[in-house]
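Biologist: Could you walk me through this one, step by step? I would like to learn how to read it.

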Protein chains: 2
Amino acid sequence: MADSKGKVYLIGAGPGAADLITVRGARILAQADAVLHDALVTADMLALCPQAELIPVGKRSGQRSTAQALINQLLVDAAGRHRLVVRLKGGDPMLFGRADEELRALEDAGIAYEIIPGITAALAAAASARRPLTRRGVARSVALFTSATAPGEPDIVTLPHCDTLVQYMGGREAMVTARKLLERGQSPDTPVVVVENCSLADEHVFQLRLAELETGLAACSGPVLVLIGEALAAR
Amino acid sequence: MADSKGKVYLIGAGPGAADLITVRGARILAQADAVLHDALVTADMLALCPQAELIPVGKRSGQRSTAQALINQLLVDAAGRHRLVVRLKGGDPMLFGRADEELRALEDAGIAYEIIPGITAALAAAASARRPLTRRGVARSVALFTSATAPGEPDIVTLPHCDTLVQYMGGREAMVTARKLLERGQSPDTPVVVVENCSLADEHVFQLRLAELETGLAACSGPVLVLIGEALAAR
């Protein structure tokens, strides 16, 4: 069994659009024997690996997410059966991707792996909105953060302190962020950008003020990213 | 003249390796009539656009960086002469890329543009080091920051507050960061990863403790990225 172990590539799929994966990621995908993918990975992206056995491990309608321990096991099992296995994750694998748990499982099983980074949503959203995350003399620090990452985990206690804030998996949690920022003295006129379905055909970009965030979010139904800070001001 | 104006693509080249650009970025590069590129963009990357007129606008040995106002002008001029112009920037254009100034110049000149994001060094460094930037129950916020961004600007006054800190253009400035973090009560055992020449053939990854950062940086001569936080602990 040890001799037949394949190699695993953790690949960042990027924000959604099939051509926002890296050249390296696309090349490896096209050679993969099996691909374990999140629900966020689009059909267009999976068209890059028509030869591969597809193993969906993300949340699907009416079902809970595949538990992380099961994903780890599926990954190790796939590497036992195949030469080249891809673990394809939305965004970047090392940011909000629970990579640590999957890498640990691979290491414990003695399976070789490599990580190929992906475009994280904050950067794709800034490109879509045409608003930079940093600006000379205005903003030189950017926080990428989430609120609770798992059911049962306590809500975030203190917000990050950075010139620009980018909240992943924003939605309802971003309303709490807005309230806390206003309490901490941030101006209600602080520019906010909300990007829904980033980089996809049904992408929407909303330009708001901090005080309007709650109303703005009510219009969104897809996954949203919330960007807050003076760097995002209209030119 | 107005009718002959071309379109400009601001493209993120990513951390350095030629195949860590996006598929979309590589496709546009291969069609470009002219490419204005930073000094950080490698010869391997420029081999993706052998047809294009190359206009270097980065810092070169013995010379100061091309002033931003001149870059803006060169960009506008190139769009007057060519159908498809690429502004190729190391990393991602919207993060520490002074995109705001270039976009403003294009808008003032009535030139159409599009932005294609790139892999930022923090993510490529995490992939190389095999250490995630976030970890469930340990780290859910990441600060990407720089110290002074231009000669004459005051040094950063307060460090960002996030679980994981990533200092761009680290070098000497990261030693100041380390001192400030120790003063603010951060453990001297906090894991630190230093990545030099990220994603290139001469890449080096150093795993240190916060207390060792100063000694560790002395060994680096190329561009370094400094990552600090418990998420980076060895597995």
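Biologist: In what sense do β2(A) and strand β3 of chain A pair, and over how many bridges?

Modeller: This is a predicted model, where local features need pLDDT of at least 70 and side-chain atom pairs count only at pLDDT 80 or more, while totals for chains, interfaces and linings use all residues. Residues are numbered from 1 along each chain as its sequence is written, and chains are lettered from A and ligands numbered from 1 in the order in which they are written. Strands (E, at least two residues) and helices (H or I, at least four) are DSSP runs numbered from the N terminus, and two strands pair if DSSP finds at least two bridges between them. For β2(A) and β3(A), residues 53-56, the sense is parallel and the count is four bridges.

Biologist: Which residue of β3(A) is the bridge partner of A34(A), and which residue of β4(A) is the partner of V35(A)?

Modeller: β2(A) also runs parallel to β4(A), residues 84-90, with four bridges joining the two. V35(A) has its bridge partner in β4(A), namely V86(A). In β3(A), the partner of A34(A) is E53(A).

Biologist: Are the residues of strand β2 of chain A that point one way and the other way buried or exposed?

Modeller: A residue is buried if 20 or more other C-beta atoms lie within 10 Å of its own, exposed if 12 or fewer, and partly exposed in between, with C-beta atoms placed from the backbone. A34(A) and L36(A) point one way from β2(A), and V35(A) and H37(A) the other way. All of these are buried.

Biologist: Over in chain B, which strand pairs with β1(B) over seven bridges?

Modeller: β1(B), residues 7-14, is mostly covered, with seven of its eight residues buried. Its pairing with β5(B), residues 113-116, is parallel and has four bridges; there, V8(B) has Y113(B) as its bridge partner. On the seven-bridge pairing, also parallel, Y9(B) is partnered by V86(B). That strand is β4(B).

Biologist: How many residues of chain A are in contact with chain B?

Modeller: Two residues are in contact if their C-beta atoms, placed from the backbone, lie within 7 Å. By that rule, chain B brings 47 residues to the meeting, and the number from chain A is 47.

Biologist: How many residues on that side of chain A are nonpolar?

Modeller: The elements giving two or more residues to it are α1, α4, β5, α5 and β6 of chain A. Ala, Val, Leu, Ile, Met, Phe, Trp, Tyr, Cys and Pro count as nonpolar, Asp, Glu, Lys and Arg as charged, and the others, Gly among them, as polar. The side of chain A that touches chain B has seven polar residues, 13 charged ones and a nonpolar count of 27.

Biologist: Which residue of β6(B) stands opposite L144(A)?

Modeller: Here the strands come from two chains: β6(A) and β6(B), residues 141-145, pair in the antiparallel sense over five bridges. Within β6(B), the residue opposite L144(A) is V142(B).

Biologist: Is N197(B), which has a positive phi, buried or partly exposed?

Modeller: Most residues other than glycine have a negative phi. N197(B) has a positive phi of about 50° although it is not a glycine, and N197(B) is found in the loop between β8 and β9 of chain B. With 18 C-beta neighbours inside 10 Å, N197(B) counts as partly exposed.

Biologist: And S199(B), is that residue buried or exposed?

Modeller: S199(B) is found in the loop between β8 and β9 of chain B, and has a positive phi of about 75°. With 22 other C-beta atoms within 10 Å, S199(B) is buried.
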